[in-house]
Each structure stands twice: as C-alpha cells, then as structure tokens.
Amino acid sequence: MTGPALLLLGFAVTGRPAVGSALLAGLTIAAAVGGPVFGALLDRSPRPDRVLALTLSAYALGVIAVAAAVGRLPVPLVVLIAVAAGLFNPAVAGGWTSQLPRIVTGPELARGFALDAMTYSAASLVGPALAAVIAAGLGARTAVITSAALVALAIPAARSLSRYPPGPASGPRSAPHRQVAAGFAAIVTRRPLLRATATSVLSYVGIGMLLVCCPLLGAQRLGGSARGALLISAIAAASLTANWILARRAPRGQPDVRVLVSTLVIGVSMAVAAAAPGWLIVPAVALGGVGEGPQLTALFAVRHRESPEHMRGQIFTTAASLKIGGLAAGAALAGPLAGRSVTACLLIAAGFEACAAAAYALISPPPKAARPASRLRSAARTGPQTDTTARSEGGPQTGTTARSEESLL
C-alpha cells in the first residue's frame with residue numbers, strides 16, 4: 001500500500017507526477033542499499049525476530065514522517081526523508097521469506113514457493129485498492145498514514161518467529177562488510193543466479209515505470225487519478241490467480257525458463273496498455289500480473305537452488321534489493337516521461353522488458369548450472385559457516401524481497 005499511497009500523495013498535493021515518482025524512487029533506492037546490510041544482520045543475529053520487529057517499527061515511523069512532510073517542507077527534503085525511511089523497507093519483504101525455511105521443511109518446496117508468492121500478491125491486491133479508496137474518501141495523506149499503521153500491525157507477527165529459533169552457531173564469523181560483499185560475489189559468480197537477478201532487475205525498471213503511469217492512466221482513461229491505484233490491484237489480482245494455479249499444479253521444467261517467459265508476458269502487457277482505450281486498460285495492465293506472479297515464484301526457486309545454506313539470508317535480501325533498485329530507477333525515469341506522454345513511457349517500459357529478455361539470453365550458465373539443492377548444501381557445509389540463521393534454513397527457501405519481494409507492487 002505504501003508505494004501507491006505515496007504516488008497518490010505527491011500527485012494530489014503538487015499536481016505533478018514527478019513528485020510522486022521522486023518519493024517512490026527515494027523510498028525504493030534506499031531499500032536497495034539497506035537490503036544487503038539487513039540480510040547480513042539477519043544471518044548474524046541469534047534473534048532475527050527482534051531484528052525484524054525493530055526494523056518494521058523504524059520503517060513505519062519513517063513513512064509517517066514522509067506523510068507529515070509532503071506539502072509542508074521543500075520537495076528535496078521530503079525525498080531525503082523518504083530515502084531514510086526506505087533503508088528499513090527490506091524488512092517488509094525479504095526479511096520474511098528468508099525466515100520461512102525455519103517453519104516449512106521437507107518436500108513442500110514447490111508449494112511453499114507458490115504460497116509464499118501468493119502472500120505478496122494478496123497484499124499487493126488489497127493494498128493499492130485500499131490506498132485508492134482511502135485517498136478518494138479521506139485524502140492521500142491519510143492513505144499513507146494508514147499504510148504505516150498496517151506495517152506496525154505486523155510487528156507481533158515478527159516477534160512470533162521466536163518460537164522457531166535458529167540453529168547453534170559454529171565456525172568463525174566474517175566481518176559485516178565482508179559478509180555483504182560475499183552476497184554480491186555469490187550472485188556474480190553463480191551464473192544461473194546472475195542471469196535470474198539481471199533479468200529481474202531490468203524487468204523491474206519497466207514495472208517501476210508502469211507504477212508511476214498508473215495514476216495518470218486513471219486520470220486520463222478511467223476518470224480519476226485515485227482509480228489508477230485500482231490498476232495496480234488488477235495486476236496483483238492476476239498475479240494472485242496465476243500463483244494460485246501454480247500452487248495447485250506444480251510446474252514442470254526448470255524455473256529459469258519461467259523467468260524468461262514471464263518477463264516476455266509483462267512486456268507484451270505494457271505494449272498493449274500503451275494503446276488500450278478507456279476501461280480496456282484494465283485487462284491490458286492485468287496481463288502484466290499474469291507474468292509478474294510466476295516470475296516471482298520462479299525467482300524464489302532459482303535463488304533457493306543456487307544459494308549455499310550459510311549465505312541464504314544474505315543472497316536473498318541482496319538479490320531482492322537489486323531488484324528494488326531497478327524499480328527505483330524505473331520510477332525516477334518515468335516521472336518526467338509520464339508527465340509528457342504516458343503512452344511513450346509505457347512503450348519505453350516495454351522496451352526494458354525486451355532488454356531483460358535479452359540479458360537472459362546473453363548470460364548463459366555453465367553446462368551443469370542447474371545443480372540439485374542437495375549438492376549445493378553439501379558444498380556449502382565444507383566452507384566456513386558465517387552466520388547463525390542460515391544453518392536453520394536447511395528446509396525449503398522461498399526467497400525475498402522485493403515487496404519487493406520483495407517489491408512495492
């Protein structure tokens with residue numbers, strides 16, 4: 001709810017879409033920076049539930065500060081406040097999924113991926129719709145404050161994770177900065193993980209542009225900017241439906257291919273939306289959700305397969321943060337573009353999806369890249385264990401963040 005509510009607030013107070021996109025970009029680019037640090041803290045902490053709870057509290061307070069500052073302080077200062085709040089945003093997405101293997105174990109891996117992704121889709125369905133309803137009835141500022149209150153309501157759930165303590169620490173711990181660097185290095189050196197991450201980052205540049213276009217699409221084609229948030233809900237509804245089908249019928253084949261196919265579906269959706277008139281924009285945009293939901297589920301599967309046990313939390317939050325960084329770049333780019341031509345902005349967004357597909361094709365993995373998770377776990381145990389949380393993550397890992405997971409969608 002927070003991202004759409006900030007978009008609506010910036011547009012409502014100033015009448016300029018660039019202000020809303022700047023707030024969203026500030027919030028999300030900071031999340032890209034905070035994610036790796038947050039992942040390292042989770043892996044090192046003997047009480048990750050406390051880390052989650054404290055980070056959620058800080059994020060809720062930061063969002064309230066942004067809501068109070070818009071229209072009362074200069075825009076650059078408000079963006080800086082949004083940046084400060086965004087440093088704590090990774091707790092909303094990646095922090096949760098990196099802890100799921102402490103609860104779910106055994107052969108439920110594929111179903112766990114789909115069900116976990118469905119929780120993001122469900123929140124993304126309700127959140128933007130709630131932002132639109134509250135913004136239309138009580139004002140966009142109230143919508144932002146409501147989103148912060150909902151974040152605060154998640155704090156008891158974070159504390160409940162204390163019932164699933166991490167395993168005992170063994171072996172030396174790396175310094176925090178080395179642990180953060182190791183997460184990036186693991187993504188770069190494991191080609192399938194690099195391919196999936198690069199594809200998702202470029203894809204989320206386009207999705208960030210689509211998000212910024214939604215209030216304008218609502219104003220131009222649906223009769224009101226608040227209805228633009230309903231378009232985000234349409235994306236989430238289609239995403240939820242697609243993942244519900246995946247949860248009931250385990251998909252065949254490697255998840256890597258599903259990352260590519262889903263990205264192409266998102267690109268087609270944006271191209272169609274650029275030309276769709278009136279209410280036809282709703283199914284055109286919803287097609288993007290048909291791709292976005294399976295893309296997230298497939299990313300979870302690739303990250304699980306390619307992540308050593310002792311670095312799971314770090315890799316998941318780092319990869320999610322890079323994806324959120326793509327979202328931020330897209331939101332920042334779309335601000336001035338959408339103000340001039342929403343159609344051109346959507347076509348450029350579709351172009352980024354094409355670039356994401358090209359990146360997938362160019363980054364080819366080694367012949368034996370698709371190794372079973374059991375072999376990865378065995379290899380990971382031969383190296384030094386650098387955390388306490390990941391050793392409890394021997395069960396299925398259902399990945400991040402960012403929303404991003406792990407996203408603000």
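This is a predicted model: local features need pLDDT of at least 70, side-chain atom pairs count only at pLDDT 80 or more; totals for chains, interfaces and linings use all residues.

Biologist: Is valine 37 buried, partly exposed or exposed?

Modeller: Residues are numbered from 1 along each chain as its sequence is written, and side-chain values use heavy atoms, with hydrogens and water left out. A residue is called buried under 20% relative accessible area, exposed over 50%, and partly exposed in between (1.4 Å probe, protein chains only). Valine 37 has a relative accessible area of 45%, so this residue is partly exposed. Valine 37 belongs to helix 2; a helix here is a DSSP run of H or I with at least four residues, numbered from the N terminus. Between the C-alpha atoms of valine 37 and glutamine 179, which are 142 residues apart along the chain, the separation is 8.8 Å.

Biologist: How does proline 76 count at 59% relative accessibility?

Modeller: Proline 76 counts as exposed because of that 59% relative accessibility. This proline lies in helix 4. In sequence, proline 76 and leucine 23 are 53 residues apart, yet in space they are 9.4 Å apart, C-alpha to C-alpha.

Biologist: What is the relative accessible area of alanine 117?

Modeller: The value for alanine 117 is 0%, so this residue is buried. Alanine 117 is placed in helix 6. To see what surrounds a residue, one lists its contacts, meaning heavy atoms within 4.5 Å. Leaving aside neighbours within four places in sequence, alanine 117 is in contact with Asn243, Leu296, Thr297 and Phe300. Its C-alpha also lies 9.2 Å from that of tryptophan 244, 127 residues apart along the chain.

Biologist: Which residues touch the most other members of the largest nonpolar core?

Modeller: A nonpolar core is a set of buried Ala, Val, Leu, Ile, Met, Phe, Trp, Tyr and Cys residues joined through side-chain atoms within 4.5 Å. The largest one here has 37 residues, and Leu23, Leu52, Val66 and Val144 touch the most other members. At least two residues of this core come from each of several helices, including helix 1 (2-14), helix 2 (17-44) and helix 6 (109-138). Helix 3 gives the most, with ten residues.

Biologist: What does leucine 23 touch?

Modeller: Not counting residues up to four places away in sequence, leucine 23 touches Leu6, Gly10, Val66, Val70, Val78, Val79 and Ala82. There is also a second, separate core of 35 residues, and among its members are Leu211, Val212, Ile232 and Ala274.

Biologist: How far does helix 7 reach from its first C-alpha to its last?

Modeller: The expected span of a helix is 1.5 Å times one less than its number of residues. Helix 7, with 14 residues, reaches 20 Å, close to the 20 Å expected. Its buried residues are Ala140, Ala143, Val144, Ser147, Ala148 and Val151.

Biologist: Which residues of helix 15 are buried?

Modeller: Helix 15 has 21 residues and reaches 30 Å, close to the 30 Å expected. The buried residues are Val342, Cys345, Leu346, Ala349, Ala350, Glu353, Ala356, Ala357, Ala359 and Tyr360. They fall within an arc of 160° and therefore line one face of helix 15. On the other side, Ala361 and Leu362 are exposed.

Biologist: What covers the buried residues of helix 12?

Modeller: The cover includes helix 10 (191-221), helix 13 (281-306) and helix 15 (342-362). Among the buried residues of helix 12 are Pro255, Asp256, Ile266 and Met270.

Biologist: Over which ring does the charged end of arginine 195 sit?

Modeller: A charge sits over a ring if NZ of Lys or CZ of Arg is within 6 Å of the ring centre and within 35 degrees of the ring normal. The charged end of arginine 195 sits over the ring of tyrosine 360, 4.2 Å from its centre. Likewise, the charged end of lysine 323 sits over the ring of tyrosine 204, 4.4 Å from the centre.

Note on methods:
The arc is that of the directions from the helix axis to the C-beta atoms.
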